[in-house]
Amino acid sequence: MNEDLRRHLDALDNDPENDEALDGLEDVLTADNGVVREPETASELARRRRKLGERNEWATVIRLLELELLVAGDNGDTEKETELTFELAITNLDKVFDQNEGLKHLEKVLAFEPSHQQAQTLREEVMQTREHWEEVVDRFIDEATQATEPSLATSLYLKAAQILCRNSEESVDRAIELLEHSLEAEPNNQKALETYSILLKQKGNWTRIAELQAQSAERTASKDERLKLIKSAARLYATKAEDHDKAAQLFKKVLETTPGHPGALAFLADYYDRQE
């Protein structure tokens, strides 16, 4: 793989908001150097993008999707262009709640493939709710409060929160409240947890996000998933939330599973030096 490409992707792993790395990636991919036609370029961009999605770094995910589209277009892969454009539509609608961008990408999907059923259905749903979104939100909330099945209540609160965020930038606090109701009904619902975390990130509530991840780690049965959540929560406490005591507790748990983990060792060494 091209070394400049790898270097910029590594920089994004360390700092997803690194605009210089994103601009560098674009420069590498638009240069007349054959990188876009190398088979590993598209697969590595996709792999790194998925990893950033797991960390809810959706603004950077969107930039990487746009670069993947550039690669697919340069290679004349219309099927891949359709797939990535639909992914951009979903990400804009459900992750950053940009309804206009989401609709724009849905229109592009349908230009590529007019019979694309998922794009047709999603476009119709968005168009139907945007005119009377406040009424739709109120109806979903009423139905959620009356629902006897936890999964139904969760789904309705989640839909109401998403529609709120797509249509009103001032409604984030209300959407967060709805998602808290959603998680009261079904604490382990991954879609509700993810959306809740996205909105908390918008508000800069890093401590609550780290708490959620640590709590989810305790509930999960998968050892790999548990370790991933603990590491993520530890990093948040160490950096964004700036609670080094809690970060140290979690990095100790990381070392119980992976004794030589370099990030955990480095943090704890520095942490104990500062205690002396």
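This briefing covers helices, nonpolar cores, aromatic pairs and charged contacts in the structure above. The model is predicted. The largest nonpolar core has 76 residues, and a search of the whole structure finds 25 salt bridges. Three aromatic pairs are counted.

- Helix H9 covers residues 150–167, which is 18 residues. From its first C-alpha to its last it reaches 26 Å, close to the 26 Å expected at 1.5 Å a residue.
- The buried residues of H9 include Ala153, Leu156, Tyr157, Leu158, Ile163 and Leu164.
- Buried positions in H12 are Trp206, Ile209, Ala210, Leu212, Gln213, Ala214, Ser216 and Ala217. They pack against helix H11 (190–203) and helix H13 (223–238).

- In soluble globular proteins, nonpolar side chains tend to be buried together.
- Another core, of 10 residues, lies apart from the largest one; Phe86, Leu106, Leu122 and Val126 are among its members.
- Leaving aside neighbours within four places in sequence, Phe267 is in contact with Ala238, His244, Ala247, Ala248 and Phe251.

**Aromatic pairs and cluster**

- A pair of aromatic rings is described by the distance of the centres and the angle of the planes.
- The ring centres of Phe251 and Phe267 are 5.0 Å apart and the planes stand at 40 degrees, so this pair is tilted. Phe251 lies in helix H14 and Phe267 in helix H15 (residues 262–275), so the contact ties together parts 16 residues apart in sequence. Phe251 and Phe267 are buried.
- For Phe267 and Tyr271, the centres are 6.1 Å apart and the planes at 15 degrees, so the pair is stacked. Phe267 and Tyr271 both lie in helix H15, four residues apart, or about one turn of the helix. Both residues are buried.
- One aromatic cluster is formed by Phe251, Phe267, Tyr271 and Tyr272.

**Salt bridges**

- The side chains of Arg48 and Glu44 meet in a salt bridge with an N to O distance of 2.6 Å. The two residues are four apart in helix H3 (residues 39–54), so about one helical turn separates them.
- Arg48 counts as buried at 5% relative accessibility, and Glu44 is buried at 11% relative accessible area.
- Asp10, Asp13, Glu44, Arg47 and Arg48 are linked in a network of salt bridges.
- Glu54 forms a salt bridge with Lys228, and the closest N and O atoms are 3.8 Å apart. This pair links distant parts of the chain, with Glu54 in helix H3 and Lys228 in helix H13, 174 residues apart. Glu54 counts as exposed at 54% relative accessibility, whereas Lys228 counts as partly exposed at 33%.
- Glu218 forms a salt bridge with Lys253, with the closest N and O atoms 3.4 Å apart. Glu218 is in helix H12 and Lys253 in helix H14 (residues 244–257), so the pair ties together parts 35 residues apart in sequence. Glu218 counts as partly exposed at 48% relative accessibility, as does Lys253 at 30%.

**Charges over rings**

- The charged end of Lys240 sits over the ring of Trp206, 5.0 Å from its centre. Trp206 is one of the buried residues of H12.
- The charged end of Arg139 sits over the ring of Phe140, 5.2 Å from its centre.

**Buried Thr and Ser positions**

- Thr82 is found in helix H5 and counts as buried at 6% relative accessibility. Apart from neighbours within four places in sequence, Thr82 is in contact with Val109, Phe112, Glu113 and His116.
- Ser182 has its place in helix H10 and is buried, with a relative accessible area of 0%. Apart from neighbours within four places in sequence, Ser182 is in contact with Thr154, Tyr157 and Ala192.

Notes. Residues are numbered from 1 along each chain as its sequence is written. This is a predicted model: local features need pLDDT of at least 70, side-chain atom pairs count only at pLDDT 80 or more; totals for chains, interfaces and linings use all residues. Side-chain values use heavy atoms; hydrogens and water are left out. Buried means under 20% relative accessible area, exposed over 50%, partly exposed in between (1.4 Å probe, protein chains only). Contact means heavy atoms within 4.5 Å. A salt bridge is a side-chain nitrogen of Lys or Arg within 4 Å of a carboxyl oxygen of Asp or Glu. The expected span of a helix is 1.5 Å times one less than its number of residues. A nonpolar core is a set of buried Ala, Val, Leu, Ile, Met, Phe, Trp, Tyr and Cys residues joined through side-chain atoms within 4.5 Å. Rings of Phe, Tyr and Trp (its six-membered ring) pair if their centres lie within 6.5 Å; planes under 30 degrees apart count as stacked, over 60 as edge-to-face and the rest as tilted. A charge sits over a ring if NZ of Lys or CZ of Arg is within 6 Å of the ring centre and within 35 degrees of the ring normal.
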